[in-house]
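Dear colleague,

Please find below the structure that I am handing over to you. My notes on what was found in it follow directly after it.

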Amino acid sequence: MTELAVHTQSLSKHYRSLRSVTRAVDGLTMQVPRGSIYGFLGRNGAGKTTALRMLAGLARPTAGSAVVLGLDPQRETVAVLNRTGFVIEKTLFPAMTGEELLRFQRGFFPGWSEERARRYVDALEVPMRQRFRTLSLGSKTKLCLLLALAQNPELLVLDEPTAGLDPVVTDQLLRVLIEDFAGTGRTLLLSSHHLSEVEKVADWVGIIDAGTLKLEARLDDIRLAFRRIRAAGRDLPAGGPTVVTSRVSGGAAEYVVRAEAEAFAAELRAQGATILDIETMNLQETFLAVAGKESAHVSVEVLA
């Protein structure tokens, strides 16, 4: 059995028009270890949802390959769907109620757990008697999550799972994902804009920008590696081999480095600079450095 739940190699999805080519996903290579909670992060339009749709067999790659639980999602779509719970496009039969959708779905999945389904109805406060089309965005999200969790899948792939949820239900969902799902050794691939939520649950993180993976590492390794350095002096350098972003103005500079902060600080001191501070960074600060507007968009190596 492979140690990876998901592996993509140079995966690309391009949309062509008469005048241009949109590179929604452009050479994406990512590795999601089995048993991990993998936070898949990126700005709007970075390519997250398109990448997840290719993993589900809902979009055909322009180039490259994807393997999900040892299967090709293009040629073995049904086998992938039998073992994976996807919540990507929150669209179900609009005229069906939650109860009707529950009865409809359970016949398709050999691992379906009615006990889990009923438990999640209560835990997520899902309105089961309303027709899907009448539900709020938050309730539609909860119902889709319920159906995916009740499949008892080996891999759960969620695109913005907390969208429209209030803080109480969000907290309950995160508990379910950690204790009832990932805590059993299964794999969770989670795409979200809520970085503080991802930081609470994830042990691996991948950051995508412009369709390309900029950073993939264990979250603990990111915390150990990334540092913000503030320095003062004359003729401060604009960058360096490990510098992700820099701001140099007059006699002051601020750098974000992805590794070897002390070595870079020593180089600055050797050039006559005074090191004012070396700070640790949280996930949001790291994300903004790697994928934000101030990023130099240099290649950021995989930390492992």
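Helices (H or I, at least four residues) and strands (E, at least two) are taken as DSSP runs and numbered from the N terminus. By that rule, Ala182 is placed in the loop between α6 (167-181) and β7 (187-191).

Please note that this is a predicted model, in which local features need pLDDT of at least 70 and side-chain atom pairs count only at pLDDT 80 or more, while totals for chains, interfaces and linings use all residues. Residues are numbered from 1 along each chain as its sequence is written, and side-chain values use heavy atoms, with hydrogens and water left out.

The protein as a whole

Ten helices and 13 strands make up the secondary structure of the protein. Its C-alpha trace spans about 70 × 45 × 40 Å along the principal axes. Of its 304 residues, 51% count as buried; buried means under 20% relative accessible area, exposed over 50%, and partly exposed in between (1.4 Å probe, protein chains only). Among contacts between residues at least 6 apart in sequence, 67% join residues at least 24 apart, where contact means heavy atoms within 4.5 Å.

The UniProt record, an unreviewed entry, places the feature "domain: ABC transporter" at residues 6-235. UniProt positions are given in the numbering used here, feature names are shortened, and annotations may be inferred rather than shown by experiment. In the model, the span of residues 6-235 is 33% helix and 30% strand, and its end C-alpha atoms lie 46 Å apart.

Not counting residues up to four places away in sequence, Ala182 touches Ile37 and Leu177. The C-alpha atoms of Ala182 and Leu155 are separated by 9.2 Å, and these two residues are 27 residues apart along the chain.

Ile88 lies in the loop between β5 (84-87) and α3 (98-106). Its relative accessibility is 9%, so Ile88 counts as buried. Leaving aside neighbours within four places in sequence, Ile88 is in contact with Thr49, Leu52, Arg53, Ala56 and Asp159. Ile88 and Ile229 are 141 residues apart along the chain, and their C-alpha atoms are separated by 39 Å.

Helix α1

Helix α1 (residues 48-55) is largely enclosed by the rest of the structure, because six of its eight residues are buried. The buried residues are Lys48, Thr50, Ala51, Leu52, Met54 and Leu55. Gly57 follows α1 and has a positive phi, near 80 degrees.

For the packing values, axes are lines fitted to C-alpha atoms, for helices over the stretch in contact, and angles run from 0 to 180 degrees between N-to-C directions. Angles under 35 degrees count as roughly parallel, over 145 as roughly antiparallel, 65 to 115 as roughly perpendicular and the rest as oblique. A crossing is left-handed if the near helix is turned anticlockwise from the far one by less than a right angle, and right-handed if clockwise. For residue classes, Ala, Val, Leu, Ile, Met, Phe, Trp, Tyr, Cys and Pro count as nonpolar, Asp, Glu, Lys and Arg as charged, and the others, Gly among them, as polar.

Helix α4 (residues 114-123) packs against helix α5 (residues 137-150) at an angle of about 155 degrees, with the axes 8 Å apart. The two helices are therefore roughly antiparallel to each other, and the crossing of α4 and α5 is right-handed. In this contact, Arg116, Ala117, Tyr120 and Val121 of α4 meet Leu146, Leu149 and Ala150 of α5. Six of these residues are nonpolar, none is polar and one is charged.

Between α3 and α5 the angle is about 25 degrees, and the axes are 11 Å apart. This makes α3 roughly parallel to α5; the crossing is right-handed. Gly98, Leu101, Leu102 and Gln105 of α3 make the contact with Leu143, Leu146 and Leu147 of α5. By class, five residues are nonpolar, two are polar and none is charged.

The axes of α4 and α6 cross at roughly 150 degrees and come within 10 Å. As a result, α4 is roughly antiparallel to α6, again with a right-handed crossing. The contact is formed by Arg116, Arg119, Tyr120 and Ala123 of α4 and Gln172, Val176 and Asp180 of α6. Three of the contact residues are nonpolar, one is polar and three are charged.

With kind regards
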